[in-house]
Amino acid sequence: MGPFDVPLDDERTQLDAFVEEYRRAVEATLDGLTEEQARRGLVPSATTLLGLLKHVTWMQRVWFEECVGGTSRRELGLVRDPDESFRLSADDTIASVTAAHREACATARTTVADLPLDTVVTGHRSGPRTLRWVYLQVLRELAHHCGHADVLREQVLAG
């Protein structure tokens, strides 16, 4: 179900639809690519298509598992810095990073399932916020990085 399927539904249903659409979209930027294409560096930063998926996986774990769930990055085994979350290891593949992303999404869904949007969550190091705010932040990040991924995919396929 996408955002255009829920224009008159409640706010939570709409937010979930938008987040899910962008989760699928960022994964889809890897469809049909080789491992080399997914890892290809086209900009001066560490940003690659595979690195973007790895980063949005990390980002969702930070917001849903740390901020909402209350488990620290250290306990979760997450790097502390967003820039580090783009870096690929030799073991990272399209399949492994996609599987990690899907697992993070499933965990996020479970973590927030029974929480109202007005729930105040306190696990983030910068202070409390509402679950609604977390949803909007995740949506902003997903949309932002989908744009990056679209451009990188276009460059990879052209080259």
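1. Angles under 35 degrees count as roughly parallel, over 145 as roughly antiparallel, 65 to 115 as roughly perpendicular and the rest as oblique. The axes are lines fitted to C-alpha atoms, for helices over the stretch in contact, and the angles run from 0 to 180 degrees between N-to-C directions; the helices themselves (H or I, at least four residues), like strands (E, at least two), are DSSP runs numbered from the N terminus.

2. A word on the basis of these values: this is a predicted model, in which local features need pLDDT of at least 70 and side-chain atom pairs count only at pLDDT 80 or more, while totals for chains, interfaces and linings use all residues. Residues are numbered from 1 along each chain as its sequence is written, and side-chain values use heavy atoms, with hydrogens and water left out.

3. Which residues of α1 and α6 make the contact? On the α1 side they are E11, R12, L15, D16, F18, V19, Y22, R23, A25, V26 and A28, and on the α6 side L131, R132, Y135, L136, V138, L139, L142, A143, C146 and R153, where contact means heavy atoms within 4.5 Å. The residues of this contact of α1 with α6 divide into 15 nonpolar, no polar and six charged. In this scheme Ala, Val, Leu, Ile, Met, Phe, Trp, Tyr, Cys and Pro count as nonpolar, Asp, Glu, Lys and Arg as charged, and the others, Gly among them, as polar.

4. Helix α1 also packs with helix α3 (residues 49-68), at an angle of about 155° and with the axes 10 Å apart, and α1 and α3 are therefore roughly antiparallel to each other. Their crossing is left-handed, and the contact is made by R23, V26 and E27 of α1 and L53, V56, Q60 and F64 of α3. By class, this contact of α1 with α3 has four nonpolar, one polar and two charged residues.

5. With helix α5 (residues 94-112), the axis of α1 comes within 11 Å and crosses at roughly 170°, and that makes α1 roughly antiparallel to α5. Here R12, E20, R23, V26 and E27 in α1 meet T98, H101, R102, C105, A108, R109 and V112 in α5. The classes in the contact of α1 with α5 are four nonpolar, two polar and six charged residues.

6. D5 is found in the segment before α1 and is exposed, with a relative accessible area of 52%; buried means under 20% relative accessible area, exposed over 50%, and partly exposed in between (1.4 Å probe, protein chains only). A polar atom of the side chain of D5 lies 2.8 Å from the backbone nitrogen of G2. T29, in the loop between α1 and α2 (35-39), counts as buried at 4% relative accessibility, and a polar atom of its side chain lies 2.7 Å from the backbone oxygen of V26. Leaving aside neighbours within four places in sequence, T29 is in contact with L49, A149, D150 and R153.

7. Apart from neighbours within four places in sequence, R73 is in contact with W58, V62, E66, L78, V79, R80, H124 and R125.

8. D92 lies in the loop between α4 and α5 and is buried, with a relative accessible area of 12%. The side chain of D92 makes a polar contact with the side chain of K54 (2.6 Å); a polar contact is a pair of N or O atoms within 3.5 Å, and within protein one must be able to donate a hydrogen and the other to accept it, while residues adjacent in sequence count only if both atoms are side-chain atoms. Not counting residues up to four places away in sequence, D92 touches E35, R39, L50, K54, R87 and V97.

Conventions. Left-handed = near helix turned anticlockwise from the far one by under 90°.
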